[in-house]
Amino acid sequence: MVKYHSYIFKAMGSTISVQAEVDETLSKEMFDRVEECFRDIEKIASRFDDNSELSFVNKNLGYTVEVSQDLQSLLKDAHYAYQVTGGSFDPRILQTLSNIGYANTFLDNKWKDIKVKPLIIRNEWRPIFDENKVHVGSEPIDLGGVGKSYTAWKAGQIVAEYSENFFVNAGGDIVFSGHAVDATEWTVGVDNPYMEVSDAPLAILGLSDKSVATSSIAKHSWVTADGRRMHHIINPKTGLPADGGVVAVTVIHDDVIAAEIWSKTLFLEPVDEIAEFTESLSMPVLWFTADNKMHYNEYMKPFVRWTV
C-alpha cells in the first residue's frame, strides 16, 4: 500500500527526518539506505572522528593523498563555494573553530576553559584535484558547511528512486520534492534563534521541488572563559564569529548545497548591507537580526504563507 511514511534518527550531530509517499513494503529498505548514507558520509567527513578520511587529509597537509569519491566531491563543493563567494565561504576554519572553543563535538566541549585566539588565513585557497587524489594545501579543513547539505542531496537521490513526493531534512538543510499529503505543498517553519525549539516559528514557508537551508546562532553558541559569546559561523576576514548583527538566515534554492553555501555567506553580511546583497543574488532570502526583527526580500515573498 502506498502512503506517507516517516523516519527520524540522529546523525552528524543533528536530527535527521525523512518523509515519503512510498509502498509500505519498500519503506524500510529506503529508510535503511538513507540512514546508511548519512552514517557513511559522517565516517568520511567528520572532523570529530580521528579515523575519518577528512582527519587523515588534515594530518597529511602539504601532501597529495588518495580520497574517496564522496570526500573529493565534498572538497570540490567547498572549493566552488570559496570561489563563487569570493572567499567568504572558506572551509579552512578548523584551527579557528578550535581556537574559539569548538574543538570537540558540541556536547563534549568545556567552554569555560577556552580563551579566544583569532586566526586569520590570508593566502588564497588553491586545492589540487587529480582523479582520486587531492592536495588541500597547508591549512586544516572543516566540511561542516557543506557536509550535511551534500548528504541531504545524496539521500534525496536515494529517496527519489522510490518516491516523487518526499522531503529529507538534515538539521535544517532540507530537500523537498513533489507535494505533501492530500496534494498540498510542503511547509516549513522558520524558528526564532532566540527562542526554544518548541516555541512558535517566525514564519511559515510553502514550497515544492525546492531546497531550504538555515544558518543560525540558535544551537551552536557558547560563552568562553573571558566572557565572550561565540558561535560557529566564522568570518574568514576576522578569524572570529560573524558579528554584523545578523543572527539567522534562511535561503531557498533549487540545490540544497547552494542554499547552505549562501545562507552561511549572507550571515556574514552587515545588517545595513544584507538586503541589497540578497536582491543582487536574485534568490529568496529571509533573515533575522539582533534587534529581534525579521526581514525578507522580494524573491522570498511568493513563498511566505504566514509571519508573526
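Which residue in strand 10 is the bridge partner of Val175? The answer is Ser211, and the close-up views below start from that spot in this predicted model.

**View 1. Strand 10 meets strand 7.** Welcome to strand 10, which covers residues 211-216. Strand 7, made of residues 173-177, runs antiparallel to strand 10, and two bridges join them. Look for Val175 and Ser211, which are bridge partners here.

**View 2. Strand 10 meets strand 15.** Strand 10 also pairs with strand 15, residues 246-253, again in the antiparallel sense. Six bridges link strand 10 and strand 15. To find your way, pick out Thr214, which stands opposite Thr250 of strand 15.

View 3. How many of the six residues of strand 10 are buried? Five of them are, so strand 10 is largely enclosed by the rest of the structure. A residue is called buried here when its relative accessible area is under 20%.

**View 4. Helix 6, from end to end.** Helix 6 takes in residues 256-267, twelve in total. Is helix 6 mostly covered or mostly open? It is mostly covered, with twelve of its twelve residues buried. Among these buried residues you can look for Trp262 and Phe267, and also for Glu260 and Lys264.

**View 5. The largest cavity.** Two cavities of 30 Å³ or more are counted in this model, and the largest holds about 50 Å³ of space. Ten residues line the largest cavity. Nearest its centre lie Arg92, Ile93, Thr96, Ile121 and Pro236. By kind, the lining of the largest cavity has six nonpolar, two polar and two charged residues.

**View 6. The second largest cavity.** Thr214 and Thr250, which stand opposite each other in View 2, are both in its lining. Other lining residues include Val190, Asp191, Leu202, Trp287 and Phe288. Which strands each supply at least two residues of this lining? They are strand 15 and strand 16, the latter spanning 285-289. The lining of the second largest cavity divides into seven nonpolar residues, two polar and one charged.

Key: Residues numbered from 1 in each chain as written. Predicted model: local features only at pLDDT ≥ 70, side-chain atom pairs only at ≥ 80, totals over all residues. Heavy atoms only, no water. Buried < 20%, exposed > 50% of the residue type's maximum accessible area, 1.4 Å probe, protein only. Helix = DSSP H or I, 4+ residues; strand = E, 2+ residues; numbered from the N terminus. Pairing = 2+ DSSP bridges. Expected span 1.5 Å × (residues − 1). 1 Å grid on protein atoms, 1.4 Å probe; cavity = no way out; pocket = protein on both sides within 12 Å on 5 of 7 lines; lining within 4 Å. Points joined across faces, edges and corners; volume = space filled by probe spheres on them. Nonpolar A, V, L, I, M, F, W, Y, C, P; charged D, E, K, R; others polar.
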